Amino acid sequence: MTDEERITAKIAEIAATADQYPAVIIIHHVPTQTVRYLSKWGLELLGATIEELTALGPAFSPTYFNPVESDEYMARVFQLMYENEVPEVHTFYQQVRTTEREGWSWYLTSMRRLLTDEQGGPLLVMGLAIPLHPDNHFAAKVRRLIDENDFLRRHRMAFSSLTARERDVLRLLALGHSAPEIARELNISELTAGTHRRNVRQKLGATTAFDLTEYARAFDLI
């Protein structure tokens, strides 16, 4: 049996029951990063046919998913499919543009290898995508986590410019400590504490206490 015949048989096996589950089922062809199957619910949400999605090839992901997250997450997922010493299941949040509502809809997606070739290389990867209703309190928490991840992505370089001592100062500033308190806590002079505080604000472009706290929380200092 050829790889293509095995792919066709495996997709038929999944498709036979896919529409019974409370999740969108999607199957990608790993070597070409092409959609080969999407359950009926998924097709309705995207307002497209499987032929249209397959024709998009690798452009499928940035067409329907948040481009920034799509580039980062999907590239990593497909990379992991070729590695052996990794967890079998990869789970992440996605923002999807659907016909259900305006703007982005949140989904929790888990992906795993579905089929390999004779050498053990991945042929198909299957994903289960579960919608997170915007009125659900869990969706709001996810939104905060994603916002924090976005903050990390945008400000990683600025934070990495801080010295170890400046990060200590940032943590104490975020906790509301004054320069004299920082000096006592770190066993340094008030003049040095003041210099560190100015450097931290300058490097981070932080003008308010909220800015400092956001950095400290995002980078796990508090």
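User: In which hand does α7 pass α8 in their crossing?

Analyst: This is a predicted model. In it, helix α7 covers residues 164–174 and helix α8 covers residues 179–186. The hand of the crossing of α7 past α8 is right-handed.

User: Is α7 parallel or oblique to α8?

Analyst: Two packed helices are described by the angle between their axes and the distance between the axes. For α7 and α8 the axes are 10 Å apart, and the angle is about 130°. Angles from 65 to 115 degrees count as roughly perpendicular and those over 145 as roughly antiparallel. The angle therefore makes α7, relative to α8, oblique.

User: Which residues of α8 make the contact with α7?

Analyst: From α7 come R165, D168, V169, L172 and L173. By class, the contact holds five nonpolar, no polar and three charged residues. On the α8 side the residues are I182, E185 and L186.

User: How are α8 and α9 placed to each other?

Analyst: Helix α9 spans residues 190–204. The axes of α8 and α9 lie 8 Å apart, at an angle of about 110°. The range from 65 to 115 degrees counts as roughly perpendicular. So α8 and α9 are, to each other, roughly perpendicular.

User: How many charged residues are in the contact of α8 with α9?

Analyst: A179, P180, I182 and A183 of α8 meet E190, A193 and R197 of α9. Five of the contact residues are nonpolar and none is polar. The charged ones number two.

User: At roughly what angle do the axes of α7 and α9 cross?

Analyst: These axes come within 9 Å. The two helices are therefore roughly perpendicular to each other. The crossing angle of α7 and α9 is roughly 90°.

User: How many polar residues does the contact of α7 with α9 have?

Analyst: The α7 side gives R165, E166, V169, L170 and L173. The α9 side gives H196, R197, N199, V200, K203 and L204. By class there are five nonpolar and four charged residues. The number of polar residues is two.

User: Which element gives the largest share of the lining of the largest pocket?

Analyst: The largest pocket holds about 210 Å³ of space. Eleven residues line the pocket, with R144, D147, E148, E214 and R217 closest to its centre. The elements that give two or more residues are α6 (137–160) and α10 (209–218). The largest share, seven residues, comes from α6.

User: How many residues of that pocket's lining are charged?

Analyst: The lining of the largest pocket has four nonpolar residues. No polar ones are present. The charged count is seven.

User: What volume does the largest cavity have?

Analyst: A search of the whole structure finds two cavities of 30 Å³ or more. The largest cavity is lined by 19 residues. Among them, V24, I26, F65, Q94 and A129 lie nearest the centre. The volume of the largest cavity is about 220 Å³.

User: How far apart in space are L43 and I26, C-alpha to C-alpha?

Analyst: L43 lies in helix α2. Leaving aside neighbours within four places in sequence, L43 is in contact with L38, A48, T49, I50 and L53. L43 and I26 are 17 residues apart in sequence. In space, C-alpha to C-alpha, L43 and I26 are apart by 9.8 Å.

Terms used
Residues numbered from 1 in each chain as written. Predicted model: local features only at pLDDT ≥ 70, side-chain atom pairs only at ≥ 80, totals over all residues. Heavy atoms only, no water. Axes fitted to C-alpha atoms, helices over the stretch in contact; angles between N-to-C directions. Helix = DSSP H or I, 4+ residues; strand = E, 2+ residues; numbered from the N terminus. Parallel < 35°, antiparallel > 145°, perpendicular 65-115°, else oblique. Left-handed = near helix turned anticlockwise from the far one by under 90°. Contact = heavy atoms within 4.5 Å. Nonpolar A, V, L, I, M, F, W, Y, C, P; charged D, E, K, R; others polar. 1 Å grid on protein atoms, 1.4 Å probe; cavity = no way out; pocket = protein on both sides within 12 Å on 5 of 7 lines; lining within 4 Å. Points joined across faces, edges and corners; volume = space filled by probe spheres on them.
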